Amino acid sequence: MPITTADVLEFLRRSADVLHENKEYLTELDSAIGDADHGINMDRGFQNILKKLPSVEDKDAGTILKTSGMALVSSVGGAGGPLYGTAFMQAGMALAGKYELTAEDVLAALDAALKGVMMRGKSKPGQKTMIDAIDPAVTAMREALDSGADTLEALERATAAAEKGMKDTIPMLAMKGRASYLGERSIGHQDPGATSSYLLIRTMAEMAREKA
Ligand code: ADP
Ligand code: MG
């Protein structure tokens with residue numbers, strides 16, 4: 001079954017729900033090594049995406065995601081908003097003009113999002129950020145598709161890799177963003193951004209499981 005723009009819209013709506021449900025959890029994680037606003041930021045940003053969706057419902061996947069990215073940038077301050085905004089805008093560029101997506105397209109979008117965050121955040125894997133969830137997910141999804149896995153299998157492997165990546169941030173020393181101001185005291189806490197990235201990737205896999 002092809003992935004359609006209706007699925008992209010559904011993904012954004014579900015993500016808004018998931019982030020709303022996890023608002024306190026993400027904020028709690030951010031209170032340990034940041035300024036206790038990550039859940040509030042993500043919730044506000046995705047509620048703003050929901051407001052913009054009616055204006056792009058009949059548009060291509062690229063336009064839907066670019067509009068979502070701009071909605072994040074315009075409604076969320078700090079680091080998380082602009083970084084996630086860049087991720088969604090870059091994912092949108094990778095899907096420009098497309099109304100139907102293959103698993104390869106989803107991978108290309110996720111990879112573009114990863115590269116966008118790395119460029120904008122001047123960050124790389126191992127620095128205790130959202131990159132540590134997204135990068136292993138991209139690698140796992142690429143390996144899965146290369147070995148002939150279908151969309152569901154590829155997204156489930158990406159989710160497992162993102163979850164591991166998220167947990168692997170616990171012993172890491174934060175080298176980017178507010179958490180880096182804590183130095184050694186950042187060790188022992190799970191990164192909030194890696195956690196929200198895992199939740200978004202898991203949402204994709206859940207949708208694929210229901211469609212399969
Ligand atoms: P802020 O840090 O401005 O309060 P948030 O709390 O919304 O913003 O987001 C914090 C998250 O942003 C961190 O947990 C981390 O994953 C991510 N982050 C911060 N700086 C960077 C960076 N330079 N590159 C990638 N991700 C980053
Ligand atoms: Mg914060």
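Visitor: New here. Is this model predicted or what is it?
Guide: It is a predicted model.

Visitor: Where does ligand 1 sit?
Guide: Ligand 1 sits in the second largest pocket.

Visitor: Which residues come nearest to ligand 1?
Guide: There are 21 residues around ligand 1. N41, A79, G121, S123 and D191 come nearest.

Visitor: What kinds of residues make up that shell?
Guide: The shell around ligand 1 has 6 nonpolar, 9 polar and 6 charged residues.

Visitor: And which helices supply at least two residues of the shell?
Guide: α3 (38-52), α5 (80-94), α6 (103-121) and α9 (192-211) each do. α9 gives the most, with 3 residues.

Visitor: What lies 2.9 Å from an oxygen atom of ligand 1?
Guide: A polar side-chain atom of H38 does. A backbone N or O atom of M130 is also 2.9 Å from an oxygen atom of ligand 1. For G193, a polar backbone atom is 2.9 Å from an oxygen atom of the ligand.

Visitor: How much of ligand 1 does the protein bury?
Guide: Taken alone, ligand 1 exposes 560 Å². The protein buries 93% of that.

Visitor: New topic. How many salt bridges are in the whole structure?
Guide: A search finds 15. One of them joins E57 and R13. Their closest N and O atoms are 3.0 Å apart.

Visitor: Where in the chain are E57 and R13?
Guide: E57 is in the loop between α3 and α4 (61-75). R13 is in helix α1 (residues 5-21).

Definitions and conventions:
Residues are numbered from 1 along each chain as its sequence is written. Chains are lettered from A and ligands numbered from 1 in the order in which they are written. This is a predicted model: local features need pLDDT of at least 70, side-chain atom pairs count only at pLDDT 80 or more; totals for chains, interfaces and linings use all residues. Side-chain values use heavy atoms; hydrogens and water are left out. A residue is near a molecule or strand if one of its heavy atoms lies within 4 Å of it. A polar contact is a pair of N or O atoms within 3.5 Å; within protein, one must be able to donate a hydrogen and the other to accept it, and residues adjacent in sequence count only if both atoms are side-chain atoms. Accessible areas come from the Shrake-Rupley method with a 1.4 Å probe; for residues, only the protein chains shown count as cover. On a 1 Å grid over the protein atoms alone, a cavity is a set of points where a 1.4 Å probe fits but cannot get out, and a pocket is an open set with protein on both sides within 12 Å along at least five of seven lines; lining residues have an atom within 4 Å of a point. A molecule sits in a cavity or pocket if more than half of its atoms lie within 2 Å of its grid points. Helices (H or I, at least four residues) and strands (E, at least two) are DSSP runs, numbered from the N terminus. Ala, Val, Leu, Ile, Met, Phe, Trp, Tyr, Cys and Pro count as nonpolar, Asp, Glu, Lys and Arg as charged, and the others, Gly among them, as polar. A salt bridge is a side-chain nitrogen of Lys or Arg within 4 Å of a carboxyl oxygen of Asp or Glu.
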